[in-house]
Amino acid sequence: MFTKEVINRIYELTGGQPWLVNAVANEIVEKILKSDYTKKITLAHAEEVKENLIARRDTHLDSLIDKLKEERVKNIVSAIINGDGVLFDNYDDSLLYCRDLGIISETKPIRIANEIYREIIPRVLNRNLQDSIEEEGETKWYIKPNGKLDMDKLLKAFQAFYRENSEMWLEKFDYKEAGPHLLLMAFLQRVINGGGKINREMAVGTGRTDLLIEFNGDKFVLELKLNRLPSTKQKGLDQISRYLDTLGMTKGYLILFEIKPSSIIPWETRVKWETLSHQNKEITIVEM
């Protein structure tokens, strides 16, 4: 029997998309519980199914992935990942097309339609990079001796990785505008592989992407922004402070990606790390 709690979680995962709802329910009942109706269906089963569907990439999800290659889909999805504003109205063909496909929400702000799509789309777009990032032996250097995640160490390592590799990788991405965000998500995917969880908040017009990383009882908030204007840092500090308030947290990371090439702003001056107090929050600003 599906309890109200499990049903609500399945709706969060699927957004009510009929194929996904049926796929999740079928996976739980037939493949996990082997049609044993005496067993209790739990939230853990719903989470397990989410990962199974993403890893297996059933026909429906493969069809979604093919659509991501289309230019009119690419423009909308890239804007969502970056939090950019878009120059179209509700009757724009690209927007309507993405809604008809079920990729984006019917409501505003425009965002990816459901949690499974929000998870699988970035993973697909940065898959080649994920596969190329190898662990250094068996030791997970970003895990503290007590089993907790060392986020400072992980992000400092990403700064070094970004400096050495970003120009090469950004040229390879079809989604070039969203490239910096996708690079960081690929780098952080090792956290997922190590037993953590990344919740992504992406919507048109917000000017940023928010990541909530959960690992071994700890939570970390990362706000990602493209450094387009002199006011970007200040706006980012205000935005992440408000986001932390909604979560009841007091510490977060503001990640600023410089969009000008290194020939104009050299790496020696663009890579920065600063921790400060803002609106009673401890914010670490990571620039690159």
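The legends below describe several close-up views of a predicted model.

**View 1. The protein chain is divided into two domains.** Domain 1 covers residues 4-56, and domain 2 covers residues 126-287. Between the C-alpha centres of domain 1 and domain 2 there is a separation of 31 Å. The views that follow take up helices, then the sheet, and finally individual residues in loops.

**View 2. Helix α1 meets helix α3 in a right-handed crossing.** Helix α1 is formed by residues 4-14 and helix α3 by residues 43-56, and their axes come within 9 Å of each other while crossing at roughly 20 degrees. Because angles under 35 degrees count as roughly parallel, α1 and α3 are described as roughly parallel to each other. On the α1 side the contact is made by E5, V6, R9, I10 and L13, and on the α3 side it is made by L43, A46, E47 and K50. Sorted by class, the residues of this contact of α1 with α3 are 5 nonpolar and 4 charged, with no polar residue.

**View 3. Helix α9 packs against helix α10 at an angle of about 135 degrees.** The two helices, α9 with residues 151-172 and α10 with residues 179-193, have axes that lie 10 Å apart. With this angle, α9 and α10 are therefore oblique to each other, and the crossing in which α9 passes α10 is right-handed. From α9 the contact draws on L154, L155, A157, F158, F161, Y162, S166, W169 and L170, while α10 contributes G179, P180, L183, L184, F187, L188, R190 and V191. The residues in the contact of α9 with α10 comprise 14 nonpolar, 2 polar and 1 charged.

**View 4. Six strands form an open sheet with mixed pairing.** The order of the strands across this sheet is β1-β2-β3-β4-β6-β5. Its edge strands are β1, residues 197-202, and β5, residues 272-278, each of which pairs on one side only. On average, neighbouring strands of the sheet are turned by 20 degrees against each other when direction is ignored. Helix α11, made of residues 232-247, lies across β1, β2, β3, β4, β5 and β6, and it runs at about 155 degrees to β3. Of the strands that α11 lies across, β2 spans 209-215, β3 spans 218-227 and β4 spans 251-258.

**View 5. Strands β5 and β6 pair in the antiparallel sense.** Strand β6 consists of residues 281-287, and its pairing with β5 extends over 7 bridges. Within this pairing, T275 stands opposite T284 in β6, and W273 stands opposite V286 in β6. The hairpin of β5 and β6 has 2 residues between the strands, and in this hairpin Q279 takes a positive phi near 50 degrees.

**View 6. K108 and P109 are joined by a cis peptide bond.** The omega angle of the bond between K108 and P109 is about -5 degrees. P109 is located in the loop between α6, residues 93-100, and α7, residues 115-125.

**View 7. S35 has a positive phi although it is not a glycine.** The phi angle of S35 is about 60 degrees. S35 is placed in the loop between α2, which spans residues 18-32, and α3.

Definitions and conventions
Residues are numbered from 1 along each chain as its sequence is written. This is a predicted model: local features need pLDDT of at least 70, side-chain atom pairs count only at pLDDT 80 or more; totals for chains, interfaces and linings use all residues. Side-chain values use heavy atoms; hydrogens and water are left out. Two strands pair if DSSP finds at least two bridges between them. Helices (H or I, at least four residues) and strands (E, at least two) are DSSP runs, numbered from the N terminus. Axes are lines fitted to C-alpha atoms, for helices over the stretch in contact, and angles run from 0 to 180 degrees between N-to-C directions. Contact means heavy atoms within 4.5 Å. Domain bounds come from an automatic or database domain assignment. Angles under 35 degrees count as roughly parallel, over 145 as roughly antiparallel, 65 to 115 as roughly perpendicular and the rest as oblique. A crossing is left-handed if the near helix is turned anticlockwise from the far one by less than a right angle, and right-handed if clockwise. Ala, Val, Leu, Ile, Met, Phe, Trp, Tyr, Cys and Pro count as nonpolar, Asp, Glu, Lys and Arg as charged, and the others, Gly among them, as polar.
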